[in-house]
Amino acid sequence: MISWLIYRLSRLVIATWAIASVAFMLSRLSTQQPEQVAFSRSDSIGPRGSAAVLLAGEHAMRHRLGLDVPLFYVSRRPGPPVRWQWNGTHNQYHFWLRQLLHGQFGLSYYDGQPIGPRIGAALRYTVPLMLLALLLAVSLALLLAQYMAAGTGLLRRAVLLGLLGLQALPLFALALGLLLLLANPELFNILPANDLSSEQASFGNLVAYLLLPLPSLVLSSLPELTLPLVATLRHELTQPYATAARAKGLSVRQVLRRHALPNAVLPLVVQLAGLLPNLAAGAVVVEVLFALPGMGRLMAGAAYTQDFPVLLAGVLLVAAARLLALLAADVVHYRLDPRLRAALA
Amino acid sequence: MRRSFPTRRRFAGWVAAAWLLGLVAVGLAAPLLPLPYSPATPDLANLTIAPGQYAAHYLGTDPLGRDVLAQLVFGTRQLLFLSLPAAAVAVAAAALLGGAAGYWGDRGLRLPWLLSLGLGVAAWVWLQPPLLAGLAGAAAGVAVAYLHRWRLPVPLDSLVLGLATLLGALPRLVLVLAFAAGPPLAGGWLLALLALLAWPDMARLVRTQTRQVRAQPYVEAARAAGLPEWRVWWRHTLPAACRPLWTYAPLALAGLIGLESTLAFLGIGVAPDTASWGQLLSQFRQAPDAWWLLLLPGGLLVSTMLALQVFARSQRK
């Protein structure tokens with residue numbers, strides 16, 4: 001078990017490193033040069049100078065953002081005599097990796113401030129939102145699937161149709177619909193829908209503001225969790241052990257809860273690993289829509305302004321969350337399934 | 001009741017197909033339709049008009065005074081010329097890559113020695129490495145080739161699966177955010193990006209299916225009859241392996257439509273004056289009591305996605 005865990009963890013670290021490196025290289029390959037992005041923002045503020053002054057400013061900006069050193073350990077200069085150059089550790093990639101290992105994400109292109117504190121503040125909104133959504137979605141899916149697998153009736157068919165409809169709805173349309181229903185001055189104006197960052201963010205306030213984003217996230221992830229679980233539960237009910245349990249005198253619900261659910265829950269565990277990053281993507285939509293100052297809005301804003309260090313940090317966090325979730329799913333799977341335990345021991 | 005179930009499903013499939021065909025027809029004929037307004041020109045005298053309130057704006061206007069009906073009609077073109085081709089490209093890529101990876105695996109496809117030599121020479125000419133590094137690389141290449149008896153295997157399976165895993169490690173929306181940051185992409189690039197994000201799932205499906213089909217007796221018979229490998233792959237394996245794609249492709253298209261409208265809603269990667277349903281939906285945030293900005297494009301979006309799902313289900317045997 002321990003060696004297997006170490007093996008999995010080392011693969012996770014390598015995969016995260018690969019994803020981060022690819023994202024880093026892509027971000028530096030972008031069509032518009034980053035220092036131009038930063039500079040076009042700063043030169044509108046200061047006094048306009050001659051071309052030489054502008055050039056000097058651009059050089060200073062490149063130096064401050066660390067863009068005046070070569071990109072990678074080896075660089076190749078094209079031209080009739082192709083020149084290869086060994087840059088040693090004095091390159092952007094090495095610096096970036098080193099500061100990442102020290103837990104720093106670098107400076108924002110947009111305002112030149114360190115990114116770490118901004119991400120920390122944003123995560124304070126996003127992490128509770130995502131964890132709550134995860135918890136609620138999973139417990140609702142478990143309850144709903146047991147209810148739906150227990151029989152066939154008009155109400156159950158209506159619930160099924162509702163779930164299918166929800167599955168067809170993109171998250172942003174669902175959230176907009178909730179906004180129209182619940183935060184509309186002409187219908188029921190029971191929930192707040194304006195900017196959280198502008199007000200005092202006390203705990204009670206936070207709870208009130210989470211009331212609209214949370215249901216959108218939960219509802220949007222409910223069908224993909226529930227529908228497969230219902231199918232598995234129905235299949236388990238046809239198995240001989242379920243018939244035996246029924247013959248012993250248990251009700252359908254008891255059979256479902258005590259006998260079928262433990263067997264049906266294994267695919268759900270695997271699915272959970274994919275749910276967490278999907279919720280992160282959902283957080284982008286929901287936070288932009290409801291103006292929550294979280295990680296998703298930070299990333300969307302960074303995408304508008306081409307603030308690659310912030311985007312890169314976000315991508316890295318989501319990738320790490322995804323890989324950790326995969327690992328956690330594996331461990332839970334291992335704990336739940338005795339056959340796997342026997343195979344790995 | 002039980003007997004009528006397949007018929008009912010088939011009927012639903014026909015309705016869905018009719019809806020989708022209607023959308024295609026509207027999208028193709030959009031420039032010819034007698035619409036009173038164009039989708040991009042604002043009518044500044046009539047901002048946020050409800051449907052029926054002003055005769056010429058049949059379905060009202062958005063907060064910028066643009067005609068909703070025209071935007072809905074031209075939004076169909078976005079589906080037709082962006083999501084649909086992207087899904088087609090993704091399906092083709094998935095069939096070819098997944099099929100090849102499943103058929104040849106990691107060791108099945110071997111380069112003839114002449115071709116590997118040519119590739120090596122081309123790499124040298126293109127890279128022009130420093131002499132020592134180049135010689136070391138060439139020596140390593142010769143050693144590897146010798147170990148494989150001068151016929152280098154192409155690790156197709158590992159390559160395709162690795163790429164799919166790398167692309168699948170992040171949610172699509174996050175990847176799009178990272179790739180499409182900054183100014184709006186030109187149409188072709190956005191299409192390529194959408195296709196790039198959609199192929200991995202389908203490729204995995206085709207790969208698994210190919211491995212099953214490959215073991216069938218008729219494929220073995222085809223190889224025993226002396227047909228060339230690529231012909232066995234192309235004519236005998238691939239068509240059978242691609243059969244599940246018929247049910248999966250509409251779902252992939254639905255996913256892409258959802259992604260495309262989410263992007264238009266967020267205003268990332270798409271020019272803000274491009275008429276699309278997602279863009280129209282985003283106008284609803286400016287005017288939260290304009291129900292027609294939510295219900296009309298939202299209804300179209302949902303019915304299209306539902307139609308695609310129903311269509312996919314009716315394809316299943």
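Helix α12 (residues 295–305) of chain A is mostly covered, with 8 of its 11 residues buried, where buried stands for 20 or more other C-beta atoms, placed from the backbone, within 10 Å of the residue's own. This is a predicted model, in which local features need pLDDT of at least 70 and side-chain atom pairs count only at pLDDT 80 or more, while totals for chains, interfaces and linings use all residues. Residues are numbered from 1 along each chain as its sequence is written, and chains are lettered from A in the order in which they are written.

Among the buried residues of α12(A) are A:Met295, A:Arg297 and A:Leu298, and what covers the buried residues includes α5, α11 and α13 of chain A together with α6 and α10 of chain B. Helices here are DSSP runs of H or I with at least four residues, numbered from the N terminus. After α12(A) comes A:Gln306, whose phi is positive, near 55 degrees.

Between the chains, 31 residues of chain B are in contact with 36 residues of chain A, contact meaning that C-beta atoms, placed from the backbone, lie within 7 Å. The elements of chain B that give two or more residues to this side are listed below.

| Element of chain B | Residues |
|---|---|
| α6 | 172–179 |
| α10 | 245–266 |
| α12 | 291–315 |

The largest share of that side, 8 residues, comes from α12(B).

Within chain B, the axes of α2 (residues 68–104) and α10(B) come within 9 Å and cross at roughly 135 degrees, with axes fitted to C-alpha atoms over the stretch in contact and angles running from 0 to 180 degrees between N-to-C directions.

How values were computed:
Two residues are in contact if their C-beta atoms, placed from the backbone, lie within 7 Å. A residue is buried if 20 or more other C-beta atoms lie within 10 Å of its own, exposed if 12 or fewer, and partly exposed in between; C-beta atoms are placed from the backbone.
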